[in-house]
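Take a look at the sequence and the 3D structure below. Then read on for a short tour of its parts.

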Amino acid sequence: MGRPALLRSARSPRARAPPTREAARPARCVLTARQTTESTAEEPAGPIPVPGKRPAPPWAWRTGAALTALAALQQLALACGLPLPGWQPWPLLLAAAPLLWWGRAGLLSGLAALPGPPPALRARLAAVPPGALVAAVLGLAALLWAALQDHEPWIGHEESVYANKARSWAEGGPPAAGWGEYRPPGLPLLGTLALRLHDDVGALRAVTLLLALAMLATTYLVAARWTTPHRAVLTVLLVLCGLGFLRRLPEFLNDIGSTGLLLVVVFLLTRAQERPGSRALLALPPFVLAAFYLRYGVAGNLAAILLAALLAYGPRAWLAQGRRLAVAGGVVLAGLVPHFVHATQVTGSPLGLVFWATSQAERQFVGDGLLYYLAIFPYRLAGDLGGVLMAAGLVAAYPAVRRLRRKGAGGEPVPGARRRAFLGLTSVLIFVLLGVATDGEPRFVYLPVVLLTVLGVQALAEAAGEQRRRLLAAVGVLALLTAAGTARVVAHGAMPGPTGQARSTVPVARALAHDGDPCLLVTGYEPETGWYSGCDAVTYRQYRAAPPPAAGTRVAFIRYAHGRHQPGDRALAELTRGLEPTVRRFPATGVLGAATVVTVRARG
C-alpha cells in the first residue's frame, strides 16, 4: 500500500505552500542581517556606543588643544623676554583642561594619528636612563637659581633674619637683628657653616640651593617608587616650573628644605604599611626631628600627616606595629627634650615656642589663611601647567577616599588605593590646618603641591592609556617652556618690588655701618638694615619696650619718605629728648624715597 497522497504532496517541493506574509517577515530579517554582515565583514569595527552617554563634539577637544597651543606660545614669548601686562600670564591651561577631558576620546585619537619619531631616534630616546634625565632637571634648577640671583642681589627681609643669626654665631655673639626665640635654629646653623667658608650673601643662598636640589632629588626617588622613574622625572620638572616654588628658589629660607624631609616622612609611613615586616617606622625619627628643627611650622604638617595616616590605613593597621611605633615615638620625644627645656626657660611652657611662632602669623581673623589658599588654588601655587596636574591629583584622590568611607578603614588593605587616599587626605588636611592656624603663604604648603602633582601625573598616565607616552612627553616639553617663562615672570614681575625696596635700605645701612663702637639702628626694616650695617637693629615699637641701650651706644633713628611703622616728628622728638641729635639726609634711590637719619649717643 503506498504512502498517502497528502503526505507525498507535503514533502514534494512542487507541492510546498506559498509563504504567508507573517512567515516572510522573519525571512527578510534574516536575509537583511546576513547581507549586512557580509557587506561589513572587512570593515574595521568601531567602538560600541554606551547607551545614555553622548560623545563630546569635536570642537571640545579642538578648542582645548587650541588653548593649549596658545599657552605654549605664551610661555615661549615669556621665555624670549616679551612682556605681558603686569607680567601676569593668563591661565589658559586651566580653561583648556575641562575641554580636553570632555573630548578626551578625540584627543587621544588625534595623538594616535600623529606621526612618531623615526625608529633610530626613538631607540636613542628610549636608551636615555631616567637618572640622566633627572640630573638634567637638577642642572636646570641650578641654572635658574643662578640666573635669578642677578634679579634679587640683596638679601630680603625674611632671609636677613636667619642671616643675622648665622653671622652672630659665626662671629661669636650678637648682634642678631630681627631674631626671635620663636624661630628654629636649623637654618642659621647651616648658614654659620657657610659664612665660615665665605662671608657673603651668595654663600648663604648656596646653602638653600643645596637644600632645594636635595628636595627635588627626594621627590624623584619617592615618586619613582610610587609611580615609574620617567613619571617621577616629569613630576620633578613640574614642581620646578611652579610659580610658588621658583619664587623662593633663590632665597635663604627653610621651606623648601623642610619639604624634602616631610616627603621622606610620608614615604616611610606608606612603606611601613605596604611592606609586611618593614622597619620603615624606625627610620622616621631623624627626618621628623630634622624637619622640626629646620622649621617649627612643620608641626602643623606633621599633625596633618599623622591624622591622614590614621584615616587612610585605620587604627588597627598601626596598632599591629605597636612596638615599632612606640620605639619611633620614644626617639622623637627624646630628640625634642632640648627644645622643650629651652621653650620652658623662655616661655614657661614646653610648647610655648611653637604657639609663639604660630602667634606671629599676620592674619586678620581665624581662617583667613584657608580662604587665601582657596582663592589661589591651584594657579598661584604651581602655575598654569602645575595647577592643572594638582587639580587632576585632587580629583583622582577623591574616589579612593570615598571607597575608604564605604568599606571602612579597617577593611582589606589595597595599597594603591589607600596610598592615593593617604596622599590626598594629607594634602587637604595641610591646607585646612595651616589655613586655620596661620596666614596664607604659598611657601608654607609645598608638600601638598608635591603630593598632588605626583597623583596628577599618575592619573594623567592612566587616563591616556596607550597614548600615555606621547601625552606625557608633550607635558614634559610644555613644562620646559613653562620653567623658562615662569623664571622670567619671577624675575620681572615678582622680584622688582623687594629689589626696589632694597635700593632704599641698603645704601642707608651701609652708610651707618659698624665702626667699632656699639651701634643700634631703629627702623621699620630692621633685619635687612642690621645685615648690611653690621649693627643691631630694632623696630620703633621694640625700642620703646626695651630698656635703654648701654651708655656710648650710637643710636640712629631712620625714617623714609614712604616708610612703614615709623613715628612722626613729634614722636621722634620725644625719643631723642635730652640728647644731642645729628641729622643726615639721603636722597631717594628706591621706592621708599628719601631717608632722614637722626643719630644720638645713648647715656645709659
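This report covers a sheet, some helix packing and a few aromatic rings.

This is a predicted model, in which local features need pLDDT of at least 70, side-chain atom pairs count only at pLDDT 80 or more, and totals for chains, interfaces and linings use all residues. Residues are numbered from 1 along each chain as its sequence is written, and side-chain values use heavy atoms, with hydrogens and water left out.

**The sheet**

Five strands form an open sheet, in the order β2-β1-β3-β5-β4, with mixed pairing. Helices (H or I, at least four residues) and strands (E, at least two) are DSSP runs, numbered from the N terminus. Two strands pair if DSSP finds at least two bridges between them. β2 (536–538) and β4 stand at the edges with a single partner strand each, so one side of each has no neighbour in the sheet. On average, neighbouring strands are turned by 20° against each other, direction ignored.

| Strands | Sense | Bridges |
|---|---|---|
| β1 (residues 519–522) and β3 | parallel | four bridges |
| β3 (residues 554–560) and β5 | antiparallel | seven bridges |
| β4 (residues 582–586) and β5 | antiparallel | five bridges |

L521 stands opposite A556 in β3, and V522 stands opposite F557 in β3. V555 has V600 in β5 as its bridge partner. R554 faces R601 in β5, while R585 stands opposite T596 in β5.

How many residues of β3 are buried? Seven of its seven residues are. Buried means under 20% relative accessible area, exposed over 50%, and partly exposed in between (1.4 Å probe, protein chains only). Both faces of β3 are covered: R554, A556, I558 and Y560 lie on one side, and V555, F557 and R559 on the other. In strand β5 (residues 595–601), six of the seven residues are buried, so the rest of the structure largely encloses this strand.

Helix α25 (residues 526–533) lies across β1, β2 and β3, running at about 165° to β2. Such angles run from 0 to 180 degrees between N-to-C directions, and axes are lines fitted to C-alpha atoms, for helices over the stretch in contact.

**Helices side by side**

Helix α7 (residues 130–149) and helix α11 (residues 229–240) pack at an angle of about 10°, with axes 9 Å apart. That makes α7 roughly parallel to α11 (angles under 35 degrees; over 145 is roughly antiparallel, 65 to 115 roughly perpendicular, the rest oblique). The contact residues divide into twelve nonpolar, one polar and no charged. Nonpolar covers Ala, Val, Leu, Ile, Met, Phe, Trp, Tyr, Cys and Pro; charged covers Asp, Glu, Lys and Arg; the others, Gly among them, are polar. Contact means heavy atoms within 4.5 Å. Residues of α7 in this contact include P130, L133 and V137, and those of α11 include H230 and V233.

**A buried helix face and its rings**

Buried residues of helix α14 (residues 284–294) include L284, V288 and F292. The buried residues of α14 pack against α9, α13, α15, α17 and α18.

Rings of Phe, Tyr and Trp (its six-membered ring) pair if their centres lie within 6.5 Å; planes under 30 degrees apart count as stacked, over 60 as edge-to-face and the rest as tilted. The count comes to 15 aromatic pairs. F292 and Y296 form a tilted pair, 5.0 Å centre to centre, with 40° between the planes. F292 is buried at 8% relative accessible area, and Y296 is buried at 7%. Elsewhere, ring pairs link Y372, Y373, F377 and F431 into a cluster.
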